[in-house]
Amino acid sequence: MPQFLLDPGGLAPDARSAVLTGAEAHHLLRVVRTRPGDRVKLFDGRGRRWQGRLAAGGAPDAARVEALEPLPSHEPSLELRLAQSLPKGDRWTWLLEKGTELGVSHFAPLRSRYTVVTPAAGKAQDRRARWTAIALAAAKQCERGVVPDVAEAQDLDAFLSGLGAPAAAEVRLVCLERSTAPPPALAGRPAHVTVAVGPEGGWSPEEVEALQRAAFLPLSLGPRLLRAETAGVAALVWVLARWGDLVAPGDP
Ligand code: SAM
C-alpha cells in the first residue's frame, strides 16, 4: 500500500487526524479501494510521516484518517542532488524513479555539449509537471517523507553559475569515466552532496574544467564504462553508502 500525500492544511491542529482530498483521496478510495478501519500511511512532502486508520463516513470525495501516530523519517541524513545531462525519454523517467527511491531531494536535468535530447520549446511546464508526477508516485511507493523537486532542463553553465560557492558541509562530485584520480578524501560528513553525471557522449574537456572550477571533485565508479543512467544510480549508491543511510542500523 503506498503512502498518501497530505495538502498543507490537511492535518488537524492536534495532528491526530487528517483529511485527504482531490487526487490523493481518489487514489486511496477508488484506486486502492481502502475500506474504513484499514491502515493508511500519510506524509506531508516535507519529511513528516504518519500512520492511521481510514474513518467511516464523510464526504464521498474526501478521506478522513484518524488515530494518527508519527512514523520515523525515511529521509537520508544528507541532502542529495542529482545533476544529470538529460538522457533520452524512458531513461530519464527511470532515473527519476530510482533516484527518488534512493533519496534524491533535487533533480537538475542538464543540457551539456553532447546531450542529444533537445526538449521541445514551449512545453517546459508540462514536461516539468510530468517529471514531478513521476517523482511523487515514486515517493509515495517507497515511503519517502519528501517529494523531490525536479528543475526544468538548463544549460550546464547556467546550472554552475546558479550554484555559487560551496557551503561549509557541501560536497560536489563529477562522475568521470577512466579517471585515475583517487577517491575524494574528505574529513567529516557532508550535509549536502551534488553528483554530476555526463551524457552518453561524455563531458567535453571544457565542461570538465568548468565543473572542477566550480569545486566538483572527480569520482570514478570503476574501470567499466557505464551507461549514463547506470552511472547516476551507481554514484548515488556510492554517496549513500559512504555518508548516508545505505547501511543496516548498527553497521560501523
Ligand atoms: N562517451 C564516453 C566515452 O566513450 O568515454 C562515455 C560516457 S558515459 C556512457 C556517460 C557518463 O556516465 C559519463 O560522462 C560519466 O559521467 C558517467 N560514467 C560512466 N562510466 C563511469 C565510470 N566508470 N566512472 C565514473 N563515471 C562514469
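I worked with a predicted model, where local features need pLDDT of at least 70, side-chain atom pairs count only at pLDDT 80 or more, and totals for chains, interfaces and linings use all residues. Residues are numbered from 1 along each chain as its sequence is written, and side-chain values use heavy atoms, with hydrogens and water left out.

**Domains.** I looked up the division: domain 1 covers 4-71 and domain 2 covers 79-243. These bounds come from an automatic or database domain assignment. Their C-alpha centres lie 33 Å apart.

**Contact and area.** I found twelve residues of domain 1 in contact (heavy atoms within 4.5 Å) with eight residues of domain 2. The two domains bury about 700 Å² between them, 56% of it on carbon and sulfur atoms. Buried area here is the accessible area (1.4 Å probe) that two parts lose on being put together, summed over both. On the domain 1 side, F43, G45 and R49 supply 54% of the area buried against domain 2, more than any other three residues.

**Charges.** I then checked salt bridges (a side-chain nitrogen of Lys or Arg within 4 Å of a carboxyl oxygen of Asp or Glu). The rule finds three across the interface. K41 forms a salt bridge with E143, with the closest N and O atoms 2.9 Å apart.

**Make-up of the domain 1 side.** The residues touching domain 2 are three nonpolar, three polar and six charged. I counted Ala, Val, Leu, Ile, Met, Phe, Trp, Tyr, Cys and Pro as nonpolar, Asp, Glu, Lys and Arg as charged, and the others, Gly among them, as polar.
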